[in-house]
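Here is a short briefing on the side-chain contacts in this protein, written to be read with the structure open beside you. Take a look at the model, and then we can walk through its links and pairs together.

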Amino acid sequence: MYYLEKQCEFLGIRHRVIYNFISLEAVLPATVVFLSFGIHRQNIMFRFYRGIFILVLFYIVPIYSTDECADIKNCTFNDGKYTVGSKSTDPPRMELKTTKRTVYPKSTIGLHCGLCQSNPASTIEWLFNGKPLIFQGARMHKTSTKCQETLFLLTALSEDEGNYTCVARNKYGEANSTTELKIIGSGCSTECVLTDDGRRKVGTGLGPPKMKVERIFYINIVTNNMVTISCGLCESNPPSTVTWFLNGIQLDLNKNGIRVISGQCEESLYFQALKNRAGNYTCMAKNDLGQANFTTKLNVWDSNLNRPMITVKLEAQTGTIHGNAVKIGSRLNITCTILTPNCAKLIWSWKKNDQLITQNETQYRQENGMNPCARKLVMIEKVTAASTGKYQCSAVGWHKLHLKAPSDNDILISAVPCFRGFYCPQKLQEAKRCPNGTFSMQQDATNLTQCELCPTKARNKTLLAKNPEVASIFRINCPYYTVPETSDNHSGLSHGEIASIAGSLIALVMLVILAILYGMRNCRDYKKLIYRPQKDIQIEIPDVPQSADVFVCYSSKNREWVHGTLFSNLRAQHFETFIDFIDFEIGVPIHQNIVNGIYGSRKTIFVLSKDSLKSYYARTELSQALAAGRQTGHQVIVILYEKCKVPEEISNIVYLDWTDEEKRDHFWEKLYDAVRKPLKSEVAV
């Protein structure tokens with residue numbers, strides 16, 4: 001229902017007229033029926049009533065088509081009450097009526113209560129499942145800005161699941177906004193079994209599978225970050241199989257570079273977020289009694305997320321603050337200023353020594369500055385020794401579809417009775433600087449007699465050794481002060497010291513030259529191999545059985561990708577793979593292991609990268625494989641792992657390009673086909 005209030009002046013009497021219109025969803029169908037019924041009626045009265053009806057409709061529709069909260073102005077928050085808007089006779093209105101939120105256990109969530117209109121001022125009360133909310137210690141707290149109040153659940157637990165309603169009341173009425181909070185996995189069985197054939201049994205009651213989350217789940221992430229998409233079963237007896245789909249097409253988990261993480265109650269996909277991997281990921285659990293689906297919508301955004309810039313500074317009465325030191329008993333404002341074009345959607349918070357400052361702590365008071373979007377402050381009415389610590393201001397902005405852009409900054413505060421270089425009379429609030437020619441190293445000086453005369457040069461050195469802060473005090477309070485010399489009267493080195501240093505430098509240079517010459521000698525063969533590949537190398541063919549499909553040749557600097565991705569996928573396709581860290585025999589020379597591996601394999605995979613081109617062993621293995629190709633028909637398959645110059649000896653070989661992300665889905669299929677393809681010597685004549 002929509003209530004439109006108007007103030008009318010009629011014959012000097014003030015009337016309140018309330019027009020009660022039914023929802024637009026009912027008005028539009030009624031309009032169509034009314035106009036259609038009389039489309040052939042030509043009498044004058046019908047035309048008259050139809051005209052009146054259209055005029056009324058044009059009056060109502062703009063009311064519904066306008067966003068009530070599009071332009072919120074004149075927000076104030078005083079004495080726990082909110083005033084929004086300029087009208088003085090309206091009941092409060094809320095931004096949203098109902099919302100739904102789904103979160104994982106132990107996560108942090110903020111439930112917002114935003115006001116569009118509230119004049120006179122309104123109070124806000126929170127209800128949980130229709131009853132007044134009982135705050136759970138430090139796990140829950142409220143923060144207030146001028147136009148909204150936010151209820152934070154710092155650690156969401158299963159008992160927090162339910163309906164949270166914020167009720168705004170003033171003397172003309174009330175309004176409410178409800179958030180339905182769902183905790184993933186709440187009420188689900190914890191008896192999970194992963195069978196030998198990969199199916200999952202959850203719970204003991206017979207029935208079709210049931211998911212932990214029943215509605216669509218959204219994940220928003222920046223490109224190139226790693227993302228985890230989970231599929232949790234709440235119930236499943238008999239056991240269920242889990243199948244994954246992307247935009248309705250079944251995922252081939254062996255071809256998409258996706259790692260599957262299997263648990264007893266859930267299965268997760270772990271992969272790098274790329275633009276071409278965005279979409280709807282659906283996991284389907286199926287058993288003999290039925291099936292259930294759960295969909296996660298993955299949005300992948302460009303990495304141009306702008307984080308708001310934050311500055312934190314201290315504000316206090318003159319004479320009560322010196323640097324980051326604040327006089328005990330004074331009043332202090334810690335202000336947080338943020339520069340962002342989207343400040344209306346910021347969520348603020350303050351921490352002291354990494355502990356959240358809540359509205360319930362009486363020693364602090366949090367308020368907005370002149371601009372509630374750009375300035376937030378925490379006020380300490382009376383600084384005590386306990387006020388010492390690190391204060392951190394945090395603001396979370398929102399980018400596109402709820403993509404978080406957190407920013408924070410902190411400042412360290414020291415609460416002291418007085419400052420070094422000053423004295424603090426007990427009857428005065430502010431500190432007094434010691435007169436010129438005097439200083440004080442005490443932090444509790446209360447009168448002028450505790451300011452000492454500036455020290456002599458000899459005493460300067462003693463004081464500086466104990467506390468470097470003395471230098472800054474001396475420069476202000478002692479105008480004739482100069483920085484003490486750090487050495488004795490003579491500043492030069494003796495002839496013996498100079499000769500000793502020169503001799504050490506000459507010896508060091510000689511050692512470096514010898515090391516370079518020795519390295520050049522040992523690298524001669526390596527350079528010959530790198531710059532003049534062994535095209536005509538001749539090797540005696542060893543008597544070894546050809547039992548492997550491929551021999552893998554690579555640089556050790558690329559081992560993470562080779563071992564974790566390439567080798568894993570080859571083994572998953574049941575290819576017999578000869579690789580050094582598994583198949584090299586202990587006690588056999590490396591060169592002999594290489595020859596046995598190449599001639600004992602049908603083909604060689606050479607991982608081409610900048611590192612493999614510099615690797616002596618990788619280039620040696622490539623030369624041996626090319627020689628085996630000339631002698632026995634052995635084939636070399638080249639994978640371009642990273643952009644680099646292709647060496648001359650393999651420049652005529654068509655390679656597989658791993659660097660092309662758009663064609664990466666077809667990469668594995670082409671590699672498997674190349675390995676399976678029979679050699680010329682294997683084709684039956």
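## Side-chain links at a glance

The disulfide of Cys 188 and Cys 234 is left-handed, with -110° about the S-S bond. Please keep in mind that this is a predicted model. A search of the whole structure turns up 7 disulfides, the salt bridges come to 11, and there are 14 aromatic pairs.

**Disulfides**

- Let's stay with Cys 188 and Cys 234 for a moment: their sulfur atoms are joined at an S to S distance of 2.0 Å.
- This pair links distant parts of the chain, 46 residues apart. Cys 188 sits in the loop between β12 (173-183) and β13 (192-194), while Cys 234 belongs to strand β17 (residues 226-246).
- Are Cys 188 and Cys 234 buried or exposed? Both of these cysteines are buried.
- Another disulfide connects Cys 418 with Cys 424, at 2.1 Å from S to S. The torsion about its S-S bond is about 85°, so this disulfide is right-handed.
- Cys 418 and Cys 424 are both buried.
- Cys 434 pairs with Cys 451 in a disulfide whose sulfur atoms are 2.1 Å apart. The link of Cys 434 and Cys 451 is left-handed, with -70° about the S-S bond.
- Cys 434 and Cys 451 come from distant parts of the chain, 17 residues apart. You will find Cys 434 in the loop between β34 (432-433) and β35 (438-439), and Cys 451 in the loop between β35 and β36 (452-453).
- Cys 434 is buried, as is Cys 451.
- One further cysteine to look at is Cys 553, which counts as buried at 0% relative accessibility.

**Aromatic pairs**

- The structure holds 14 aromatic pairs, and one of them brings together Phe 128 and Tyr 164. Their rings are 4.7 Å apart, centre to centre, with 45° between the planes, and the pair is tilted.
- Which parts of the chain does this pair tie together? Phe 128 lies in strand β7 (residues 109-128) and Tyr 164 in strand β11 (residues 162-170), so the contact joins parts that are 36 residues apart in sequence.
- Tyr 164 has a relative accessibility of 1%, so this residue counts as buried.
- The rings of Trp 561 and Trp 658 form a pair as well, with centres 5.1 Å apart. Their planes meet at 55°, so this pair is tilted.
- Trp 561 is part of helix α7 (residues 559-572), whereas Trp 658 is in the loop between β41 (656-657) and α12 (664-676). The pair therefore ties together parts that are 97 residues apart in sequence.
- Trp 561 and Trp 658 are both buried.
- These two tryptophans belong to one aromatic cluster, together with Phe 575, Tyr 641, Phe 667, Trp 668 and Tyr 672.
- Trp 658 has a charged neighbour too: Arg 664 lies over the face of its ring, at 4.1 Å from the ring centre.

**Salt bridges**

- Side chains of opposite charge can pair when their charged atoms come close. In this model the count is 11 salt bridges.
- Arg 169 forms a salt bridge with Glu 174, and their closest N and O atoms are 3.1 Å apart.
- Arg 169 has a relative accessible area of 32% and is partly exposed; Glu 174 is also partly exposed, at 47% relative accessibility.
- Which residues are linked in a network of salt bridges with Arg 169? The network takes in Glu 125 and Glu 174 alongside Arg 169.
- Asp 197 and Arg 199 meet through their side chains in a salt bridge of 3.0 Å, N to O. Asp 197 is exposed, with a relative accessible area of 55%, while Arg 199 is partly exposed, at 29%.
- Glu 381 and Arg 331 meet in a salt bridge of 3.8 Å, N to O. Glu 381 lies in the loop between β30 (375-380) and β31 (389-399) and Arg 331 in the loop between β25 (325-327) and β26 (332-339), so the pair ties together parts that are 50 residues apart in sequence.
- Glu 381 is partly exposed, at 39% relative accessibility, and Arg 331 is partly exposed, with a relative accessible area of 42%.

Methods:
Residues numbered from 1 in each chain as written. Predicted model: local features only at pLDDT ≥ 70, side-chain atom pairs only at ≥ 80, totals over all residues. Heavy atoms only, no water. Phe/Tyr/Trp six-rings, centres within 6.5 Å; stacked < 30°, edge-to-face > 60°. Helix = DSSP H or I, 4+ residues; strand = E, 2+ residues; numbered from the N terminus. Buried < 20%, exposed > 50% of the residue type's maximum accessible area, 1.4 Å probe, protein only. Lys NZ or Arg CZ within 6 Å of the ring centre and 35° of its normal. Salt bridge = Lys/Arg side-chain N within 4 Å of Asp/Glu carboxyl O. Disulfide = S-S within 2.5 Å.
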